[in-house]
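The sequence and structure come first, and the description follows.

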Amino acid sequence: MRHARFVAAVFAALAISAVVAPAWGAPPTDAQVDAFVTKVVDAGKEITDPREKAKATSDAVTANMGEISWSEISIPQLEKLAIKTLISPSPELREVLHPRLLALSKLDSVDGARAADLALGAWPTLKEPTPDARKAEDEKRLEILLRGLKHPAAAENFKAGKGHGLLRALTSFSGPVIQENELVKTVEPYITPDLSPSAAANLGGILDFAMDPNNKFEKPMVDRIREKVGAAAKMAATKEDPRFKDDPKSAERTRKYLKDLNDLCNSAFARGELLDHAAPNIALSWSNSPTPITSSADFKGKVVIVDFWATWCGPCVASFPEMRKLAARYKDYPVVILGVTSEQGYHIARTNEKGSKPERIECGGDPKKEHELMSKFIKDMDMTWTVAFSDKSCFNPDFGVRGIPHIAIVTPDGKVRFNGLRPGNLAAEAERIDTLLKEFKLPHPSEPVASVSDNE
């Protein structure tokens, strides 16, 4: 009877999605699952372009999925798909696996906890994303999330280095939902050094939510979350993750992110000691400055607008016209705009020419190549301010940078006055800068910013 329900559920899902019909009947053998994984992985093995690789992998999934009885697949077999990261990016697999995972998540064993975990990472695409449909879908996802977090074997699941799907799903919900269901409190016991790199990498969103003053968590709890996230990230950064066994680039990116997350947890920003305190020093390895500079401390005595950015960041590039106006306004005043980026391992070439498209250039871990490409980028994009590479990520943990562009303004005596600003309001930014120049009795523009903008 249970088998019949599984078959009916899978058949209904396939009727809607119109994907290749899978076989059903006897449970698949390990050899069948291994053969499927090999075929799919091999399809994209030699392809370097991310989009082409994804398409080849998806095509291979569709072509070979009929060989597996998905309605009877086991958790260990599903783990093989998860380790090779074949489930999440494959809409066809998510569609047929969803009923099976939801059914398995009702088991009281650790397999049930893992099924809830995998179900959230393999949620099928919503076919009609109307507001009502999204709301109903979120309610279903919340039910499975709570099932996974409150499962009798939840601790065992997390201790085994799992939990990626649960943690990622938690941070996808809105603030009110997280608050109303006490999700931070519920997940806190599982934030331990046992987490895998891929699971720990999802803790940043939980930390952000806990530290957000609008959520009004008591300081002792915020400090506990901060310390636990830092300890989990630090330990996870030293581990190997089976998910990244054949993907050293993703493994290194995750490791770097976890190190930054640990630094964030231990930063003055996270401790609430950034604003109106001495600005953390930013060591600089390269810049376009005509005079040698080695750190942000070289600009002491001036108002410093620190803009964290990267070549791949569209909103960052969209802010360049405003930066040009600011640079022009304060050209003859003790003000510095410092655009801080970091080595990414690749470069996105752009120009201001109409119709031009961004071009990705791989740098193969060669900082010198990135620096040379940046010189051309600065010229092509007419960046009239100081641009520099930092020794830390452009998501600088000392300043609590969680998204870019991110602007901090440092006073002439080296203290952080503003942080977490977003470019977009020239008049507001100019007013902040002018106010600081007046406060420190430094030369400042006498004309309002509006008259400068109107004349350009």
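## Basis of the model

The model is predicted, and local features need pLDDT of at least 70, side-chain atom pairs count only at pLDDT 80 or more, and totals for chains, interfaces and linings use all residues. Residues are numbered from 1 along each chain as its sequence is written, and side-chain values use heavy atoms, with hydrogens and water left out.

An open sheet of mixed pairing is built from six strands in the order 1-6-3-2-7-8. Its edges are strand 1 (284-287) and strand 8 (416-421), each of which pairs on one side only. Strands here are DSSP runs of E with at least two residues, helices are runs of H or I with at least four, and both are numbered from the N terminus; two strands pair if DSSP finds at least two bridges between them. On average, neighbouring strands of this sheet are turned by 25° against each other, direction ignored.

Strand 7 (residues 406-410) runs antiparallel to strand 8 and is joined to strand 8 by three bridges. Within this pair, I409 stands opposite F418 of strand 8.

## Helix 17 against helix 19

Helix 17 (residues 320-329) and helix 19 (residues 426-439) have axes that come within 11 Å and cross at roughly 35°. Axes are lines fitted to C-alpha atoms, for helices over the stretch in contact, and angles run from 0 to 180 degrees between N-to-C directions. In this contact (heavy atoms within 4.5 Å), helix 17 supplies E322, K325, L326 and R329, while helix 19 supplies L426, E429, A430, I433 and D434.

By class, the contact has four nonpolar, no polar and five charged residues. Ala, Val, Leu, Ile, Met, Phe, Trp, Tyr, Cys and Pro count as nonpolar, Asp, Glu, Lys and Arg as charged, and the others, Gly among them, as polar.

## Cavity and pocket

The structure holds one cavity of 30 Å³ or more, and the largest cavity has a volume of about 50 Å³. On a 1 Å grid over the protein atoms alone, a cavity is a set of points where a 1.4 Å probe fits but cannot get out; a pocket is an open set with protein on both sides within 12 Å along at least five of seven lines, and lining residues have an atom within 4 Å of a point. A volume is the space filled by probe spheres set on the points, which are joined across faces, edges and corners. Residues lining the largest cavity include T311, H347, E370 and F389. Strand 4 (346-349) and helix 18 (367-380) each give two or more residues to this lining, which divides into four nonpolar, five polar and one charged.

Helix 13 (203-211), helix 14 (219-236) and strand 8 each contribute two or more lining residues.

## Backbone features

The peptide bond from I404 to P405 is cis, with omega near 0°; P405 lies in the loop between strand 6 (386-390) and strand 7. K216, in the loop between helix 13 and helix 14, has a phi near 55°, a positive value in a residue other than glycine.
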